[in-house]
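Subject: Structure handover

Hello,

Here is the structure you were waiting for. Please have it open while you read; my notes follow below.

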Amino acid sequence: MSDAPAMTRYQLAEVGALLAEPARAAMLLALSDGTARPAGELARVAGVGAATASAHLKRLLDGGLLALHVQGRHRYYRLADDEVSAMLEALAMPRTRSAPPKTSADAAVRRARTCYRHLAGQLGVALCESLLARDYLEAASEGLRLLPAGARALAEAGLELEATGQLLLRLHGRGCLDWTERRLHVGGPLGVAMTSAMLDAGWLRRAAQGRALVPSADGLRCLSSLGVRLDTPL
């Protein structure tokens with residue numbers, strides 16, 4: 001989607017039509033954690049039969065919201081890119097203006113979660129703001145860029161040197177507007193790589209279900225050494 005020309009009103013209307021069907025919306029939300037899933041699983045998530053799911057998936061593919069990965073005889077569907085995920089995140093904002101999360105699961109998602117495949121929520125926003133404030137992250141014309149000082153700081157905090165070094169290899173991120181915090185977290189390839197490194201290091205782990213990420217005690221100490229501060233404790 002990022003290389004496409006500016007969207008026309010007709011294309012916008014088509015995207016709206018794609019999102020307006022509850023079964024298709026359920027499929028998109030199920031894929032918003034960055035996973036790739038087969039049609040049968042998406043059919044169960046959406047509560048529809050196989051033939052109906054196939055028709056919905058074709059429309060989402062044709063509309064540019066999904067991508068297809070074929071592995072042997074298996075077909076897996078995923079979001080087309082993180083711009084689609086960012087759009088879904090942004091669309092959730094109006095529903096959260098007056099209603100804070102009411103359950104422990106909602107609170108966990110607000111604290112830390114995956115947005116496509118990068119860290120979002122209070123922890124993601126706090127990390128982005130701290131890296132920018134300490135000049136570890138630079139807002140460049142091509143997006144967000146991790147600086148050498150930032151890579152060194154991540155390594156000193158406990159990430160593997162190899163992992164942090166890879167973040168410097170022409171990976172750029174973008175400011176992704178967080179739908180619960182309404183501030184920016186690091187998205188794009190850089191955000192994905194940073195989150196992957198934190199998962200590999202044990203700073204974060206995935207919750208048993210859903211998109212929530214759970215920081216470890218060691219991870220919180222390491223993030224604190226990078227200046228990450230939260231208004232509310234995790």
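Which residue takes a positive phi near 60° in the hairpin of S8 and S9? Arginine 182 does, in a hairpin with 6 residues between the strands.

Two points on the ground rules. This is a predicted model, with residues numbered from 1 along each chain as its sequence is written, and local features need pLDDT of at least 70, side-chain atom pairs count only at pLDDT 80 or more, and totals for chains, interfaces and linings use all residues. Side-chain values use heavy atoms, without hydrogens and water.

**Overview**

The chain has 11 helices and 11 strands. These are DSSP runs numbered from the N terminus: helices are H or I with at least four residues, strands are E with at least two. Of the 234 residues, 40% count as buried. Buried means under 20% relative accessible area, taken with a 1.4 Å probe and protein chains only. The accessible surface of the chain comes to about 12500 Å² (Shrake-Rupley method, 1.4 Å probe). Carbon and sulfur atoms hold 54% of that surface. Contact means heavy atoms within 4.5 Å. Among contacts between residues at least 6 apart in sequence, 58% join residues at least 24 apart.

Strand S8 covers residues 174–177 and pairs with S9 in the antiparallel sense over 4 bridges. Two strands pair if DSSP finds at least two bridges between them. Histidine 185 is found in S9 (residues 184–187). Its bridge partner is cysteine 176. Histidine 185 counts as buried because its relative accessibility is 0%. Its side chain makes two polar contacts listed here:

- with the side chain of histidine 118, at 3.2 Å;
- with the side chain of aspartate 178, at 2.8 Å.

A polar contact is a pair of N or O atoms within 3.5 Å; within protein, one must be able to donate a hydrogen and the other to accept it, and residues adjacent in sequence count only if both atoms are side-chain atoms.

**Cysteines**

How many disulfides are there? The count is 0, where a disulfide is a pair of cysteine sulfur atoms within 2.5 Å. For cysteine 128, the nearest cysteine sulfur is that of cysteine 176, 10.0 Å away. Cysteine 128 counts as buried because its relative accessibility is 2%. Cysteine 222 is buried too, with a relative accessible area of 10%.

**Cores**

A nonpolar core is a set of buried Ala, Val, Leu, Ile, Met, Phe, Trp, Tyr and Cys residues joined through side-chain atoms within 4.5 Å. The largest has 29 residues. Among those with the most contacts inside it are Leu119, Leu127, Met198 and Trp203. Helices H7 (121–133), H8 (148–157), H10 (188–200) and H11 (217–225) and strand S7 (143–146) each supply at least two of its residues. H7 gives the largest share, 5 residues. Leaving aside neighbours within four places in sequence, methionine 198 is in contact with Leu119, Leu127, Leu159, Trp203, Leu204 and Leu223. A second, separate core has 19 residues, including Leu42, Leu57, Leu65 and Tyr77.

S1, S3 and S2 form an open antiparallel sheet, in the order S1-S3-S2. The edge strands, S1 (37–38) and S2 (66–71), each pair on one side only. S1 and S3 (residues 74–79) run antiparallel and are joined by 2 bridges.

Best regards

Terms used
Buried means under 20% relative accessible area, exposed over 50%, partly exposed in between (1.4 Å probe, protein chains only).
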